[in-house]
Amino acid sequence: MGQELIKLSHINKSYGDGKFSVPVLHDVSLSIEEGEYLAIMGPSGSGKSTLMNMIGCLDRPDSGEYTLAGENVFSLDDNGLSRLRNRTIGFVFQNFNLLPRETVLENVALPLLYAGVARAERLERAREVLEGVGLSDRVEFYPTQLSGGQKQRVAIARAMVNRPRVLLADEPTGALDSASGRQVMEIFQRLNDVGVTIVMITHAQEIADRARRTIHIFDGEVRE
Ligand code: ADP
Ligand code: MG
């Protein structure tokens, strides 16, 4: 902890153009240190997912600057951006986004294919992270054969298989019952305990309470 990992400065983003332009992020500045556990709260439509896509290098702003792990994000071309993203950030979504026709093991191993890791090592590392989320006995299952909580644990394993420094989670418990949500929160806590920076979007106060810092976003403006 202590070193700045994520620094967004004066980010503006609108969708559409001309008179149909809809402003979504207004002059957003946000600094996150390595090892932090941050919750981002705000009502539906306030710009949370847009902000997460910005932090995750999935989207570019109309103006503003972003330094991630010492790199000037918006000066990179698309290749440079996806390389930085793949080695620095893992993503978890509300609806899991698993590939339905691939096994649990193949789903988790997939990011390592893009990272150029050989197949035997891919499968070994996928097994290891699946063990870490308590799913060793489900590696040959397909996503449709799992509960929501199990699917989200597979998604977390997939997000972590590349050993990213940051885990970005967009309403990770939004589709889960409370017991499964608690399991997900326990895994996030364990990851944070070993130094993974966690940025989690939620609109549930009891979920945000797990984080060490909470920021609020209203109509595209961030308030600490
Ligand atoms: P949240 O995640 O807080 O619910 P979003 O970031 O998804 O909010 O959306 C913020 C606003 O931006 C909403 O008004 C939404 O309709 C609009 N928006 C999001 N994505 C797009 C898009 N691709 N095109 C046009 N408008 C969009
Ligand atoms: Mg959203």
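**A residue in its strand**

Author: Let us begin with Thr 197, which lies in strand β8, spanning residues 197–201. Please bear in mind that the model is predicted.

Reader: Is Thr 197 buried or exposed?

Author: A residue counts as buried when its relative accessible area is under 20%. For Thr 197 the relative accessible area is 0%, so the residue is buried.

Reader: With which residues is Thr 197 in contact, leaving aside its neighbours within four places in sequence?

Author: Contact here means heavy atoms within 4.5 Å. With those neighbours set aside, the partners of Thr 197 include Leu 5, Arg 165, Val 166 and Leu 167. Also among them are Ile 32, Glu 33, Glu 34, Glu 36 and Gly 35.

Reader: How many helices and strands has the protein, and why is it described as compact as a globular protein of its length?

Author: The protein has seven helices and ten strands. The globule rule gives 17 Å for 224 residues, and the radius of gyration of the protein is close to that, so the protein is as compact as a globular protein of that length; its radius is 17 Å.

Reader: What share of the 224 residues counts as buried?

Author: The same cut-off, under 20% relative accessible area, applies. Across the 224 residues of the protein, the buried share is 49%.

Note on methods. Residues numbered from 1 in each chain as written. Chains lettered and ligands numbered in written order. Predicted model: local features only at pLDDT ≥ 70, side-chain atom pairs only at ≥ 80, totals over all residues. Heavy atoms only, no water. Helix = DSSP H or I, 4+ residues; strand = E, 2+ residues; numbered from the N terminus. Rg over C-alpha atoms; globule rule 2.2 N^0.38 Å. Buried < 20%, exposed > 50% of the residue type's maximum accessible area, 1.4 Å probe, protein only.
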